[in-house]
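Subject: Structure for you to look at

Hi,

Here is the structure I promised to pass on.

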Amino acid sequence: MGTKDIMLKNYFTPERFADMFNAIVFNGRRTVDPRNVTSWEKETDEVKVKGKDVFANWRLRDTIKVVELPDAVYCLMAIEHQIKEEPEMPLRVMEYDVREYLRQMREEGTSKLKPIITLVIYWKGNEWSYATTLHEMFDETAKAFLEKTGIMKYLPDYRMNLFIPKSATAEELERFETDLKYVMMYVRYSDDKNKLMNYARENNIVLNIESVTIINMLTNSNLKVEEGKDEVHMCKALDDLIEDGRNKGRSEGVEIGRQEGRQEGRQEGIAALISICREFGVGDKEIINRLMEKFSLSKEEATDKVIV
């Protein structure tokens, strides 16, 4: 398990874990009570005997809990965190689930199994490029034959439950009730700082240091919490981030202009300043003022550079 997986595992307290499943699986209904969420750290192993040789391997899931649902129903709920796409993911989830079912039968001596619900959270991209079901993984020619002949119905399918924060709708994100909502919102709008800032202002969002750490890890941001404090207003954190970007733009733009001393270097400096300011949501008016100040452009010249 890598560092990022461990950070995410530790972040998902029973409250956030319950919130994740209530929002995604139960459509916002408070079905999972965090008080009824219990840690589950059992490894699922596989042992094979071939002649005199014994082969063994094991699997440890990212996050898995025993959950007591209404009517005294117990089931296992798991989260697999994905930072990158992996084409074999449906098979891996299927393997995890099957191994756990086999472990229950072997160790608990029962044929009555606790159901398993596994969520795969893909944190980085806007979409998943690979198959999400077993049937989708079949060779296209074979799949066409199976469907044409009606044989496909005899092949059990297996679907992984995929959630992608960066493509989630506003309605889906509003179903979250803990601070996990703000992490999801930040990931969702991390490419649009204006939208992110507007949301932070409208909702007066305060982030604790745990959420800031996870946001920085997932989005490569650099939100900061002042030393000695354990939380920060998202607006202030974003303002600081934007100011850092402005300073970087100023220094890079001026440095390029000084080093090159030619028109080409000057144009690169102007372009660098505009690009960085836009990345951090700085408005056109302020960009124009910065160009006039740092590159001694007239208002008309600066406007032409910014508004194309």
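Predicted model: local features only at pLDDT ≥ 70, side-chain atom pairs only at ≥ 80, totals over all residues.

Ile 64 has Ala 78 in β5 as its bridge partner.

Residues are numbered from 1 along each chain as its sequence is written, and side-chain values use heavy atoms, with hydrogens and water left out.

Back to the strands. β4 and β5 form a hairpin with 3 residues between them, and Asp 71 in that turn has a positive phi of about 65°. β4 also has strand β1 (residues 37–39) as a partner: the two run antiparallel and are joined by 3 bridges. One of the pairs there is Val 37 with Val 67 in β4. (Buried means under 20% relative accessible area, exposed over 50%, and partly exposed in between, using a 1.4 Å probe and protein chains only.)

Now zoom out to the sheet. It is an open sheet of 5 strands with mixed pairing, in the order β1-β4-β5-β6-β7. β1 and β7 (161–163) stand at the edges with a single partner strand each, so one side of each has no neighbour in the sheet. From one strand to the next, the twist averages 30°. Two helices to find here are α2 and α3. α2 lies across β1, β4, β5, β6 and β7, running at about 95° to β5. Helix α3 (residues 89–108) lies across β5 and β6, at about 155° to β6. For these angles, axes are lines fitted to C-alpha atoms (for helices, over the stretch in contact), and angles run from 0 to 180 degrees between N-to-C directions.

With 1% relative accessibility, Glu 80 counts as buried. Which side chain does Glu 80 join in a polar contact? That of Arg 61, at 3.3 Å. (A polar contact is a pair of N or O atoms within 3.5 Å; within protein, one must be able to donate a hydrogen and the other to accept it, and residues adjacent in sequence count only if both atoms are side-chain atoms.) Leaving aside neighbours within four places in sequence, Glu 80 is also in contact (heavy atoms within 4.5 Å) with residues including Tyr 96, Thr 118 and Val 120.

On to the nonpolar side. In soluble globular proteins, nonpolar side chains tend to be buried together. The largest nonpolar core here has 44 residues, of which Met 20, Val 32, Met 77, Trp 123 and Phe 176 touch the most other members. Elements giving two or more residues to this core include α2 (14–24), β4, β5 and β6 (116–122). Apart from it lies another core, of 12 residues, among them Ile 274 and Phe 295. (A nonpolar core is a set of buried Ala, Val, Leu, Ile, Met, Phe, Trp, Tyr and Cys residues joined through side-chain atoms within 4.5 Å.)

There are 4 aromatic pairs too. The rings of Tyr 11 and Phe 12 have centres 5.9 Å apart and planes at 90°, so this pair is edge-to-face. Both Tyr 11 and Phe 12 are buried. (Rings of Phe, Tyr and Trp, with its six-membered ring, pair if their centres lie within 6.5 Å; planes under 30 degrees apart count as stacked, over 60 as edge-to-face and the rest as tilted.)

Last, a loop residue: Asn 220 sits between α8 and β9 (231–233). Asn 220 has a positive phi of about 55° although it is not a glycine, and it is exposed, with a relative accessible area of 63%.

Cheers

Key. Pairing = 2+ DSSP bridges. Helix = DSSP H or I, 4+ residues; strand = E, 2+ residues; numbered from the N terminus.
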